[in-house]
Amino acid sequence: MSLTACVPAIHLPIPFSAVQKVTCKDIPIGVVIGAEDIAAAQDQQEGYDLAAGQINQAGGIQGCPIRLVYNRSEGDGTNPDAVQAAMLELADGGQVAVLGATSSAATKRIAAISQYIKMPVVITPDTSDDLMANDSAWIFRINPANSAYASAAFDLVKDNLGSAARVAILYDQSEYGTSASS
């Protein structure tokens, strides 16, 4: 108490009881996405823009609006080398987080980079189950694991057709398809 008497008086520009509105800069979030001429990339961007608009309309994140910064990789966004370049450009550009790529191989590359540079990556599309195997504190997955989809499908068949039902499994021979079929 006696030390506070030694501090000079602080003159506030407004009465103490008034609430001052805090302003903040926008929060830049990077998005690794396929080329503009790819229909799936356009759909993906429309979804991101819609979500960002709703977040900002609701007040943003702790009162700060978000701003999406798109970095288009070559082709459909599945090439790991192109996606790596896009991720590094976004990291150099000051983005606080990145929304991930559109294939398991490309997303694994982003995950490795994010762990090294300590930048959060949110994985929005379906990717192989082993992507989360390294327990990185910087990777966040929105969709359930692929094996959860397969398990739900088998449970549906078993519940409706009985345990003696025969099922053929057709899958893509990619990391994603293989993890979904196991």
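1. Basis. The model is predicted: local features need pLDDT of at least 70, side-chain atom pairs count only at pLDDT 80 or more, and totals for chains, interfaces and linings use all residues. Residues are numbered from 1 along each chain as its sequence is written, and side-chain values use heavy atoms, with hydrogens and water left out.

2. Disulfide. One disulfide turns up in a search of the whole structure (a pair of cysteine sulfur atoms within 2.5 Å). The partners are cysteine 24 and cysteine 64, with an S to S distance of 1.9 Å. Cysteine 24 sits in the segment before S1 and cysteine 64 in the loop between H1 and S2, so the link ties together parts 40 residues apart in sequence. Helices (H or I, at least four residues) and strands (E, at least two) are DSSP runs, numbered from the N terminus. The angle about the S-S bond is -135 degrees, and the link is left-handed.

3. Exposure of the cysteines. Cysteine 64 is buried at 14% relative accessibility, whereas cysteine 24 is partly exposed at 35%. Buried means under 20% relative accessible area, exposed over 50%, and partly exposed in between (1.4 Å probe, protein chains only).

4. Salt bridges. How many salt bridges does the structure hold? There are three (a side-chain nitrogen of Lys or Arg within 4 Å of a carboxyl oxygen of Asp or Glu). Take aspartate 26 and arginine 67: their side chains meet at 2.6 Å, N to O. This pair links distant parts of the chain, with aspartate 26 in the segment before strand S1 (27-33) and arginine 67 in strand S2 (residues 66-72), 41 residues apart. Aspartate 26 is partly exposed at 32%. Arginine 67 is also partly exposed, at 38%.

5. Strand to loop. Arginine 72 pairs with glutamate 36, the closest N and O atoms being 3.7 Å apart. Arginine 72 belongs to strand S2 and glutamate 36 to the loop between S1 and helix H1 (39-57), so parts 36 residues apart in sequence are tied together. Glutamate 36 is exposed at 56%, but arginine 72 is partly exposed at 24%.

6. Helix to helix. Arginine 109 bridges to aspartate 81, with 2.9 Å between the closest N and O atoms. The ends lie in helix H3 (residues 104-117) and helix H2 (residues 80-92) respectively, so the pair ties together parts 28 residues apart in sequence. Aspartate 81 is exposed at 55%. Arginine 109 is partly exposed at 28%.

7. Alanine 97. This residue lies in strand S3 (residues 97-99). Alanine 97 is buried, with a relative accessible area of 15%. Its contacts (heavy atoms within 4.5 Å) are Pro28, Ile29, Gly30, Met119 and Pro120, leaving aside residues up to four places away in sequence. Valine 121 is 24 residues from alanine 97 in sequence, yet the C-alpha atoms are 5.8 Å apart in space.

8. Second largest pocket. What is the make-up of the lining of the second largest pocket by class? Twelve residues are nonpolar, one is polar and none is charged. Of the 13 lining residues, Ile29, Tyr48, Ile66, Leu68 and Leu99 are the closest to its centre. H1, S2 and S3 each supply at least two lining residues. H1 gives the largest share, four residues.

Definitions and conventions
1 Å grid on protein atoms, 1.4 Å probe; cavity = no way out; pocket = protein on both sides within 12 Å on 5 of 7 lines; lining within 4 Å. Nonpolar A, V, L, I, M, F, W, Y, C, P; charged D, E, K, R; others polar.
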